[in-house]
Amino acid sequence: MVTSILNQIFGSKNDREIKAIRPIVERITSLESGLTPLPDQALTDKTQEFKKRLGAGETLDDILPEAFAVCREMSRRKLNMRHFDVQLIGGMILHRGRIAEMKTGEGKTLMATLPVYLNALEGKGVHLITVNDYLAKRDAQWMGVLYNALGLSVGIIQHDASFFFDPAYEASDKRLQSLRPCTRPEAYRADITYGTNNEYGFDYLRDNLVVTDLAQCVQRELNFAIVDEVDSILIDEARTPLIISGPTDETTDLYYRINAIIPQLKPEQDYTVEEKTKTASLTEDGNVRVEKLLGVDNLYDPNHMDLVHHVVKALQAYALYKRDVDYVVKEGEVIIVDEFTGRLMPGRRWSDGLHQAVEAKEGVKIANENQTLASVTFQNYFRMYKKLSGMTGTADTEAAEFAKIYNLDVNVVPTNRNMIRLDYADVVYRTEKEKFSAIVEDIKECHERGQPVLVGTISIEKSERLAGYLSRTGVKYNVLNAKQHEREAEIIAQAGRKGAVTIATNMAGRGTDILLGGNPDFMFKQILYREENLTDADKLKIFEQIRADCEKDKQEVIAAGGLHILGTERHESRRIDNQLRGRAGRQGDPGSSRFYLSLEDDLMRIFASERVSQLMLKLGMEEGVPIEHGMVTRAIANAQKKVEGHHFEIRKQLLEYDDVMNKQREVIYQHRRAVLGGTNLKEDLRGMMDSLVESALNIYCPAEQYSEEW
């Protein structure tokens, strides 16, 4: 209460920090008139001029206003986009090594070009980190035009390839236009490198597994990184460490043996499950039953400890891990589904035998167990950068964690235009069936009046179930299950077209703008892919026609109320819900959002209190009649806070374990590099010998004993 009153009088800390930046914005704008008359080459030459000034002792902060002004002017010429003042503010926040929270559709990709350009002038490398390969490639192709015009080189790291941005390069695959294949080290030696968090992390681990020659390493010293969708990468994915593993000689027979007995066990009687922590354990009766089925006297005999471990993992696989929710089976393989993005994660495997237990359950070939050769958490990898910053639409709810673990402050960047989206209160139904019936009715009403709808679901299973209900009504729809990033981006880009209905897992298409009336650039690209022999005049004519159609559609969509976001369930994290809501109402557009819930939803069932269910029964809920009540909304928010707290504890614990490992990792990697680099380690070895001799003497010849007793 007191804090909010003081904030109203003096402004919040964030308001004061933004206010302090505004004079620099005015300075940048005042330089614009001097740059507009200059030819392109004179602007490009400014890059060399800035580099010389840095070499002469000036700092990046000294040249910031001029560098930002040059970048803005070149962007206006080459990309036909001039940075808004709020993007200049965001750019300065990123340059200072902070997180810029910027609403969806406010232009984060363009904003990042300012600090990227400025910091690349030092020649030490700038890494721009995205959530998937498609976005790394798209952003590099899009912004590469600007960097190239400013005389800087751009590299792109992909899962199975690496590229160098070269506008003169004609690719046979039009999707790779201007991307010339190159080696991994070349991509890293570029002034600016685009790639995903996984690729950077795994390259770091692989560099430290090099056996013969340091020249085989691909990365250089980690200097400055800007993390796009920073909450997704530094928070959501930070519960899973990156691991490089190799095969072991362990046999897979035991998994088949255990898998055969699990269906004979009864829930509650033989075993119990804890859904909050995703754990399972045998009861007394269950122990006796498993011993009988496996033909052993005592399951907890030290000789049988691996049996207990395998049984528990098999129980988890059967009772807690669901097909098309936690994983999918594709071409005889179990592929994990990312719980936050709904995306498939090929190549990732659960550890401790859980993945093999799921493979046994699904009747697919069981892969051999692996042993860890090298691992690192995202927390410890990203803390190695000299300067780290990030941008996202939703970071403020996790500001405390960013500050505590990464030492990153969050600044909320004001929007360019006021937001006018309507966020309706949640409606809660008794059963999931009633909820889905209401959702289908809402979609039908929006579709009939031409209002586009984006439906967010929390799993692939729920997406397909809703699609089944819609099929019966005759409403046309697109389903996105985050299986193909490129196609996903194309569909999401058109989700704002008149009457469009798009069903997507919550995070599908993240990083792609939804423009009301449709995205003319995407439509035009698709025509170019199909028809390669068009003349420039034909291309211009087609693009103008597409743009006119989209503009006409846009006015009709605005009249219908803009994009309507429909959430079919609350996610465990408030940020993911806010991300979904943020898809509507970009750049001052109209829009609306509503979440539909039921008492059978996982979040309500596992985490919301019994009081909610009792309250709803007292209010006499009838079938098909929803409830909107402040207490229910508060209970849901509290449930989400509980889950977020639980997940924070998991990440904190993982980091505490890894911090111990990290000290060892740093020492070992440092020694390996010294050996491979040919450094004379004579003194180090002498020191090791001395300490070994000393510790041996302390054990066998303790000082407190007489020499005769040794």
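Q: How many helices and strands does the protein have?

A: In this predicted model, the protein has 27 helices and 23 strands. Its radius of gyration is 29 Å, close to the 27 Å that the globule rule gives for 710 residues, so the protein is as compact as a globular protein of that length.

Q: What box do the C-alpha atoms fill, and what share of the residues is buried?

A: Taken along the principal axes, the box is roughly 90 × 80 × 65 Å. Buried residues make up 51% of the 710 residues. The accessible surface comes to about 33900 Å², and 50% of this surface belongs to carbon and sulfur atoms. Among contacts with a separation of 6 or more, 74% are between residues 24 or more positions apart.

Q: In what order do the nine strands of the open sheet lie?

A: The general idea comes first. Backbone hydrogen bonds pair the strands of a sheet, either parallel or antiparallel. Here the order is β5-β4-β3-β6-β2-β7-β15-β1-β16, and the pairing is mixed. The edges are taken by β5 (179–181) and β16 (410–412); each has a single partner strand, so one side of each is left without a neighbour in the sheet. From one strand to the next, the twist averages 25 degrees.

Q: How do β3 and β6 run, parallel or antiparallel?

A: Strand β3 (residues 154–157) and strand β6 (residues 192–196) run parallel and are joined by three bridges. Within this pair, Gly 155 stands opposite Thr 193 of β6.

Q: Which pairing is found in the open sheet of three strands?

A: The pairing there is antiparallel, and the strand order is β11-β12-β13. The edge strands β11 (327–330) and β13 (344–345) each pair on one side only. Strand β12 (residues 333–337) is linked to β13 over two bridges; Val 337 has Leu 344 of β13 as its bridge partner.

Q: Which residues touch the most other members of the largest nonpolar core?

A: In soluble globular proteins, nonpolar side chains tend to be buried together. The largest nonpolar core in this model has 56 residues, and those that touch the most other members are Phe 68, Met 92, Tyr 117, Leu 118, Leu 121, Tyr 147 and Tyr 194. Helix α5 (residues 60–78) gives the most to this core, with nine residues. A second, separate core has 42 residues, including Leu 135, Phe 202, Val 230 and Leu 242.

Q: With which residues is Tyr 147 in contact, leaving aside neighbours within four places in sequence?

A: Its contacts are Ala 112, Thr 113, Val 116, Tyr 117, Leu 152, Val 154, Ile 192 and Tyr 194.

Q: Where is Val 131 found, and is Val 131 buried or exposed?

A: Val 131 is in the loop between β2 (126–130) and α8 (133–149). The cut-off for a buried residue is under 20% relative accessible area. Val 131 is buried because its relative accessible area is 16%. Not counting residues up to four places away in sequence, Val 131 touches Thr 196, Asn 197, Asp 228, Glu 229, Ser 232 and Ile 233.

Q: What is the phi of Glu 229, and what is the phi of Glu 331?

A: Most residues other than glycine have a negative phi. Phi of Glu 229 is near 50 degrees, a positive value, and phi of Glu 331 is likewise near 50 degrees. Glu 229 lies in the loop between β7 (224–228) and α11 (230–236), and Glu 331 is in the loop between β11 and β12.

Q: Is Glu 229 buried or exposed, and is Glu 331 buried or exposed?

A: Glu 229 is buried, with a relative accessible area of 5%, whereas Glu 331 counts as exposed at 78% relative accessibility.

Q: How many residues of helix α23 are buried?

A: Helix α23 (residues 574–581) is mostly covered, with six of its eight residues buried. These are Arg 575, Ile 576, Asp 577, Gln 579, Leu 580 and Arg 581.

Q: Where does Thr 431 lie, and with which residues is Thr 431 in contact?

A: Thr 431 lies in the loop between β18 (427–429) and α18 (432–448). Leaving aside neighbours within four places in sequence, Thr 431 is in contact with Ser 598 and Glu 600. The C-alpha atoms of Thr 431 and Asp 601 are separated by 8.5 Å, although these residues are 170 residues apart along the chain.

Technical notes: Residues are numbered from 1 along each chain as its sequence is written. This is a predicted model: local features need pLDDT of at least 70, side-chain atom pairs count only at pLDDT 80 or more; totals for chains, interfaces and linings use all residues. Side-chain values use heavy atoms; hydrogens and water are left out. Two strands pair if DSSP finds at least two bridges between them. Helices (H or I, at least four residues) and strands (E, at least two) are DSSP runs, numbered from the N terminus. Axes are lines fitted to C-alpha atoms, for helices over the stretch in contact, and angles run from 0 to 180 degrees between N-to-C directions. A nonpolar core is a set of buried Ala, Val, Leu, Ile, Met, Phe, Trp, Tyr and Cys residues joined through side-chain atoms within 4.5 Å. Buried means under 20% relative accessible area, exposed over 50%, partly exposed in between (1.4 Å probe, protein chains only). Contact means heavy atoms within 4.5 Å. The radius of gyration is taken over C-alpha atoms; the globule rule is 2.2 Å times the number of residues to the power 0.38. Accessible areas come from the Shrake-Rupley method with a 1.4 Å probe; for residues, only the protein chains shown count as cover.
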